[in-house]
Amino acid sequence: MNIIFYHPFFDANTWISGMKARLPDAHIRVWEHGDDKPADYAMVWLPPYEMLASRNQLKGIFALGAGVDAILKQEQQKPGTLPAGVPVMRLEDTGMGLQMQEYAIAKVMYYFRRMDDYKRQQSQRLWKQLPAHTYHNFVIGVLGAGALGASVATKLAELGFNVRCWSRSKKQINQVESFYGNDQLSDFVKECQLLINLLPYTPQTHGILNFSLFEQLKPSSYLINLARGAHLVDQDLL
């Protein structure tokens, strides 16, 4: 089995040594310009056009990042970057699930404990105790029920939060109320006090964080966008 590797800034030696330890019979090499020798698989991030364009014999292409939107964008900008008929696989976690959990918990607790309001008071030299949120009433909505969305939703539910999740297709997550399909998006949003976006970026989810969505949220709600910037219509948020 021959594997070619390309990443514009990752340490190739670390990846190749790790792969060889797990696949001792495989021949793994860093792709360089002019390399047209046979390959069965490619491990890539933002590959040059000439790396993959003529490799129709590949059995698979592994995108070394969360989601495949970057490599699909390359194909849209320069058709033929991806050889026809070759499947593209994406990384599901590689430790990102835990990172997303930690980031989400830090931000959620900041708003749940009203630290933003107390910080505002501090700047005004005000020292007034504010009514506390409750776990039941502080409804958290997670957009996206893939590997990362499900991980964050599950962890927040384990902490006692009232969590709901929305996805384009039906998913089941323990302790989490599930919504799916565009016709349930409004029902999902309207009870949320805090919204976390972990959707994959696709043409269907482009600009999904927009005015029509925001106006359905409860007053003084919060938004934490942990996915792509292109999910958000900046002017609508402002």
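1. Helices and strands are here DSSP runs, numbered from the N terminus, and on that basis Lys78 of this predicted model falls in the loop between α3 and β5. Lys78 is partly exposed, with a relative accessible area of 45%, and its charged end sits over the ring of Tyr49, 4.4 Å from the ring centre.

2. In helix α3, which spans residues 69-77, the buried positions are Asp69, Ile71 and Gln74; these pack against β3 (41-44), β4 (60-66) and β5 (88-91).

3. The largest nonpolar core comprises 27 residues, and Val108, Phe138, Ile140, Leu194 and Ile196 have the most contacts inside it. Two or more residues each come from α4 (96-112), β6 (140-143), α6 (147-158), β7 (163-167), β9 (194-197) and β10 (222-225). A second, separate core has 15 residues, including Leu185, Cys192, Leu199 and Ile208.

4. Leu194 deserves a look of its own: leaving aside residues up to four places away in sequence, its contacts include Val108, Phe138 and Ile140, as well as Tyr111 and Tyr222.

5. Across the whole structure, 14 aromatic pairs are found. Phe5 and Trp15 make a tilted pair, 5.9 Å centre to centre with 40° between the planes, in which Phe5 belongs to strand β1 and Trp15 to helix α1. Phe5 is buried, at 1% relative accessible area, whereas Trp15 is partly exposed at 26%.

6. Tyr111 and Tyr222 form a stacked pair, 4.3 Å centre to centre with 20° between the planes, linking helix α4 to strand β10 across 111 residues. Tyr111 counts as buried because its relative accessible area is 19%, and the cut-off for burial is under 20%. Both tyrosines belong to one aromatic cluster that also contains Tyr110, Phe112, Tyr135, Phe138 and Phe161.

Conventions. Residues are numbered from 1 along each chain as its sequence is written. This is a predicted model: local features need pLDDT of at least 70, side-chain atom pairs count only at pLDDT 80 or more; totals for chains, interfaces and linings use all residues. Side-chain values use heavy atoms; hydrogens and water are left out. A nonpolar core is a set of buried Ala, Val, Leu, Ile, Met, Phe, Trp, Tyr and Cys residues joined through side-chain atoms within 4.5 Å. Buried means under 20% relative accessible area, exposed over 50%, partly exposed in between (1.4 Å probe, protein chains only). Helices (H or I, at least four residues) and strands (E, at least two) are DSSP runs, numbered from the N terminus. Contact means heavy atoms within 4.5 Å. Rings of Phe, Tyr and Trp (its six-membered ring) pair if their centres lie within 6.5 Å; planes under 30 degrees apart count as stacked, over 60 as edge-to-face and the rest as tilted. A charge sits over a ring if NZ of Lys or CZ of Arg is within 6 Å of the ring centre and within 35 degrees of the ring normal.
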